[in-house]
Amino acid sequence: MEGISKEQVYEWLSTVTDPEVPALTILDLGIVRDVEVTGKGNDTAVKVFITPTYSGCPAMDVISIGIRMALISRGIGNLTIEMQLSPAWTTDWMTEEGKKKLKAYGIAPPHRKAFQPLGLFEEDKVTCPRCGSEETELVSQFGPTSCKALYKCLSCKEPFEHFKCH
Amino acid sequence: MNKQRYLLDYTLRLADDALIIGHRLSEWCGHGPVLEQDIALTNTSLDHLGRARTLYQYAAEQFNRLPQGEKKNAFTSVAIQNLVASGENLGEDDLAYLRDGWDFRNMLLLEQPNIDWAYTIARSFFYDTFNYFFFQHLAGCKDESLAAVAEKSLKEVTYHLRWSSEWVVRLGDGTSESHQRMQHAVNELWAYTGELFVMNDTDKIMLQEGTGVDIEAIKPLWMQRVSAVFEEATINTPTGTWMQQGGKEGRHTEQLGYILAELQFMQRAYPGMAW
């Protein structure tokens, strides 16, 4: 194998999706922190640094397997995946492209910067991803996965999920 | 004890706190009053268990670096002592599943049973408020691993605190029945809140080292936040000053035994069992 570049590895990683939100790749989510490529030919070693979205997110194990599969199938045998906790992931790491994909998938994307916290009893204004109405209501701050909250639209009456600003 | 041992003790305590409250909340899984709240509790439980895992991994790394002589007497459990004697390294699961009750350092508040919705909410509310201030401070500490865990956890804890605060208000300012139950739970659990702010030797040494948090300094912030939510909830802040403590030294209420009996059963009955 010729020497491979970091960009090449990133391109391969762009095929790995989040098992819980398959519309998003791990690059859209912003959980790949860095990639290190050392050596050439058979000595090529790749290190991928990823960061968890939530401490107990069960998708992280599946994502690691996804990365492993994606790179092994391209002939990268010497592969290390390292968990990097700091700086902590926030939804600000999600790309604009990722937010568009989320909305098209029917999940209201995070819209507020994570470093601007809400007051204790203040609530987010979330737009319905289906009809665009701002007349929506929080059903539960906690949804089917750690990263999502449950909302319902008072205009089109559809329930929907919101990827929380985190 | 040397500094490494104090850091291990500090890390383990934070891990034990997270595991025990995580386990308690997970007991609601499938029993929540409505689906959304069942999900809220299991999500919250998952956050705590995730934090516990990261901390146990870090604690295990620290333990494995200790000299053999110190490892031998670190824990009283025979299961751990056997592993150490055979020269094996400990992992996160060994620390969670093979230590006995008196080796656990979690605060007494967190092992108290769920009893009813009001007790569950009151216990979480006291702890979430504490965590909210504690992790803000720990995020700036000198130990990189603990600081990273704190930075991550703070965001999650902020959700937990919003959720438990809203429920204190909803129950307290709800029907006469919900008000009375909320007030009762707050009164009953109040005696366990003193321990949150007790600085023992580990806290003092870790604070000197720039790793630990000055928890006495958090107390007025905690009190202020708790009082503000209680006021909104028409709940009276208890005036009792007698406080129960001992968890940080391994002296627990009987409740911890029941948790461990369930939590550790499989690994004790079938050592090394894997899924």
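In the predicted model, the contact between helices H7(B) and H9(B) is formed by B:Ala118, B:Tyr119, B:Ala122, B:Arg123 and B:Phe126 on the H7(B) side, which meet B:Arg181, B:Met182, B:His184, B:Ala185, B:Val186 and B:Leu189 of H9(B). By class, the residues of this contact comprise eight nonpolar, one polar and two charged. Helix H7 spans residues 117-138 of chain B and helix H9 spans residues 176-189 of chain B, and the two pack with their axes 8 Å apart at an angle of about 50 degrees. Because of this angle, H7(B) is oblique to H9(B), and the crossing of H7(B) and H9(B) is right-handed.

In chain A, strand E6 (residues 148-153) has five of its six residues buried, so this strand is largely enclosed by the rest of the structure. E6(A) and E7(A) form a hairpin in which five residues lie between the two strands, and A:Lys157 in the turn has a positive phi of about 65 degrees.

Between the two chains, 18 residues of chain A are in contact with 24 residues of chain B. The side of chain A that touches chain B consists of ten nonpolar and eight polar residues, with no charged residues.

Definitions and conventions:
Residues are numbered from 1 along each chain as its sequence is written. Chains are lettered from A and ligands numbered from 1 in the order in which they are written. This is a predicted model: local features need pLDDT of at least 70, side-chain atom pairs count only at pLDDT 80 or more; totals for chains, interfaces and linings use all residues. Two residues are in contact if their C-beta atoms, placed from the backbone, lie within 7 Å. Ala, Val, Leu, Ile, Met, Phe, Trp, Tyr, Cys and Pro count as nonpolar, Asp, Glu, Lys and Arg as charged, and the others, Gly among them, as polar. Axes are lines fitted to C-alpha atoms, for helices over the stretch in contact, and angles run from 0 to 180 degrees between N-to-C directions. Helices (H or I, at least four residues) and strands (E, at least two) are DSSP runs, numbered from the N terminus. Angles under 35 degrees count as roughly parallel, over 145 as roughly antiparallel, 65 to 115 as roughly perpendicular and the rest as oblique. A crossing is left-handed if the near helix is turned anticlockwise from the far one by less than a right angle, and right-handed if clockwise. A residue is buried if 20 or more other C-beta atoms lie within 10 Å of its own, exposed if 12 or fewer, and partly exposed in between; C-beta atoms are placed from the backbone. Two strands pair if DSSP finds at least two bridges between them.
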